[in-house]
Amino acid sequence: MPEVKQYTVIVGNDAITIETGKLAGLAGGAVTVRVGDTMLLATATMSKEPRMGIDFFPLSVDYEEKLYAAGRIPGSFFRREGRASEGAILTARLTDRPLRPLFPKDFRNDVQVIITSLSVDQVHQPDILAINGASIALTISDIPFGVSPYDGPIGAVRVGYVDGALVVNPTFDAMEKSELDLRIAGTRDAILMVECGAQEVSEELMVKALEFGHKSLQPIIDLQEQMAKEIGKAKRDYKHFAHAPELAAEVKTKEAGRIAQALASSGSKEERIAALDAIDSDVVAAFAAKPEVSANEVKEILHDILQENVRSRIIKQGARPDGRGLKDIRPLSAEVGLSPRAHGSGLFSRGETQVLSLATLGSPRDAQELDTLSPEDEKRYMHHYNFPPFSTGETRPLRGSSRREVGHGALAERALIPVLPSEQDFAYTLRVVSEALSSNGSTSMASVCGSTLALMDAGVPITAPVAGIAMGLVMDKDGHAILTDIQGLEDHLGDMDFKVAGTAKGITALQMDIKIKGLTTQIMSEALDQARDARMKVLDVIKACLAAPRAELSQHAPRLITIHINPEKIGAVIGPGGKMIRKIQDETGVKIDIEDDGRVIIATTDAAGAAKAREIIEGLTESVKVGTIYTGKVVRVADFGAFVEILPGTDGLVHISQLADFRVNKVEDVAKLGDELTVMVTAVDAQGKIRLSRQAVLEGWTAEEAIEKDRKPPSGGRPGGDRDRGGNRGGFRGGDRDRGPRR
């Protein structure tokens, strides 16, 4: 048996324990990572041979969310885990992004990283452990990781801002009070990945948090370097796919500067693509007589030439592919109300990028139920992002949401959450779908803008509009250039993709992926300031289209009526087995949601149905008070009086002596089954039994007079407090009626 090794590192206030040698011994590298009772297994394995005929590194990262880790059985029909949840996909993406740049550029072997949740205590968050576990497994494995273009390994931490202080790796509970949820991963010298949601924080605080986070992850780097020396496997050799210098020179000769000319002369994305495709075709055809040279290899060299030209023009000349200056934003436009039936819609365009967002309002029962390892069990605001192939002028099969689509949707969702009204003030469930109709970079940030427009068009009272902008960076030995509003080519060939969303007050979401080392705090601060200036301009366009949320909801949106009842009366509304609430919904056509605190939410587009449902619910939950007058139906007749239903499911006794303002010989002379009687409540005893008087209403007595006269025994009679044969409080038994009228 292999020797089990255990290591511990202190990060913030937590001790992280790493163990290897016990589990998954046949994987290339395997470790368990534990803090508290949250423990993950991370494995990394490499294929023996490279994958041929591809021009990319085939890395796959999966986070396996197992509900047994929290002692739960899955809620599906099959009672086993199915497709990955949105949270699991986002954790996998979060892990993939900082790892991918640390593999050699000419590496083509498949590498598979699988992180499995073994235990989750719902106190310590597993996503940061997943990133660290993956890096440790790769570091001690035989896989060539961390050799180019950076020096690995990586560490990751979460940074919160609680009670005015930055904290590292806060728990789930602490995050509820945090104004910042910043996840950061990086090497010893550089930040590689940032994912952040925030409550409109300033750019200055964001820079401090990034510095704090990078400093906090250093002990994790130290530990991995120690483990690599002590137990790390020798890195396996692999087949290199680098281009021969002679071939690169020959391709450059045949290209003959045409790429630079195409960049200088082309205008739109389509024109530029057409010009570059023509160059590719000509150069590939020039090598047709050399079967040993593949077309893919020629195209890869041409791609490198394109990258060199684009980057050089930006840094040396400040010339971007579409002719803009470094800080220029493409033409902007905004429009609302495109869909006549959607509850709200917003169309936002930035150059050739165009996104249509549509908002739908639903009742609380429409909230998404979550069957995951997170303490959160439902989601009331959902943002879904779709990226159809026609948006880039391409064709491909539609296979459901990709990981990229899930990630972009989550980013836009995170950007809007800080400005949404609270559930107490606005009980609706909200869903926004952003359709990328045309894409030339930064559709995720266009989705943020479109979502703001759609929500305001729907009449959702958001506290402030939110706008997003994508920033870029090109950096080499000659200097650096920060680009505002990057398009697709600049994103692909640049060194940084930096998305910032926020209000006029501050940042609400941030996502950053960096492909170079040595990014300084000064450059990050400069990029954030430049992004803020651009965000203000985008906000001006949004406000010019729609200055504030509409005062009224869409006529097609359901209306929610909220009433508050005594929580002890919830059972009366639901009824045995839900019988009563189903009956109310069937009779009125409404949807009813009941919260544990006694809030009852009625959803409908029919005002009459809502009014009727409200009346029934209030009747079911009303507390009967002495002196209140009701009109109800006679539901039972006895010798000693009539039982009248004054509220749904609640009846009381009108003793025969209180049925009229004259002497009554027989109850049926005044009250028959089904008759309506107007009565006053004169007593409610400790058991909840109700005494009623019709005479009090006929005589016009006050409550005090009615109570006094009901208690006063008539001549030869018994006091009204005696129990009747039915067990209800009545003035007299059935055979002891007085013989004269009471006036």
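User: If Ala, Val, Leu, Ile, Met, Phe, Trp, Tyr, Cys and Pro count as nonpolar, Asp, Glu, Lys and Arg as charged, and the others, Gly among them, as polar, how do the residues lining the largest cavity divide?

Analyst: This is a predicted model, where local features need pLDDT of at least 70 and side-chain atom pairs count only at pLDDT 80 or more, while totals for chains, interfaces and linings use all residues. Residues are numbered from 1 along each chain as its sequence is written, and side-chain values use heavy atoms, with hydrogens and water left out. The largest cavity is lined by 14 residues, lining residues being those with an atom within 4 Å of a cavity point. These residues divide into six nonpolar, five polar and three charged.

User: What volume does the largest cavity have?

Analyst: A cavity is a set of points on a 1 Å grid over the protein atoms alone where a 1.4 Å probe fits but cannot get out. The whole structure holds four cavities of 30 Å³ or more. With points joined across faces, edges and corners, and volume taken as the space filled by probe spheres set on them, the largest cavity comes to about 140 Å³.

User: Which element supplies the largest share of that lining?

Analyst: Asp14, Val35, His124, Gln125 and Asn169 lie nearest the centre of the largest cavity. At least two lining residues come from each of β2 (14–20) and α2 (126–140), in a numbering from the N terminus that takes DSSP runs of H or I (at least four residues) as helices and of E (at least two) as strands. The largest share, four residues, comes from α2.

User: How many residues of strand β10 are buried?

Analyst: Buried means under 20% relative accessible area, exposed over 50%, and partly exposed in between (1.4 Å probe, protein chains only). Strand β10 covers residues 191–201 and is largely enclosed by the rest of the structure, because the buried residues number 10 of the 11.

User: How many bridges join β10 to β21?

Analyst: Two strands pair if DSSP finds at least two bridges between them. β10 and β21 (residues 507–514) run antiparallel, and valine 194 has methionine 512 in β21 as its bridge partner. The bridges joining β10 to β21 number six.

User: Which residue of β10 is the bridge partner of aspartate 181?

Analyst: β9 (residues 180–186) and β10 run antiparallel, joined by seven bridges, and form a hairpin with four residues between them. Alanine 185 stands opposite methionine 193 in β10. For aspartate 181, the partner is glycine 197.

User: Which residue of β9 is the bridge partner of glycine 155?

Analyst: β9 is mostly covered, with six of its seven residues buried. Strand β7 (residues 155–162) pairs with β9 over six bridges, in the antiparallel sense. Glycine 155 has as its partner in β9 glycine 186.

User: Is serine 442 buried or exposed?

Analyst: Most residues other than glycine have a negative phi. Serine 442, in the loop between β17 (429–438) and α11 (443–458), has a positive phi near 65 degrees. With a relative accessible area of 11%, serine 442 is buried.

User: And what does glutamine 122 count as in terms of accessibility?

Analyst: Glutamine 122 lies in the loop between β6 (109–119) and α2. Its phi is positive too, near 60 degrees. At 31% relative accessibility, glutamine 122 counts as partly exposed.

Terms used
On a 1 Å grid over the protein atoms alone, a cavity is a set of points where a 1.4 Å probe fits but cannot get out, and a pocket is an open set with protein on both sides within 12 Å along at least five of seven lines; lining residues have an atom within 4 Å of a point. Ala, Val, Leu, Ile, Met, Phe, Trp, Tyr, Cys and Pro count as nonpolar, Asp, Glu, Lys and Arg as charged, and the others, Gly among them, as polar.
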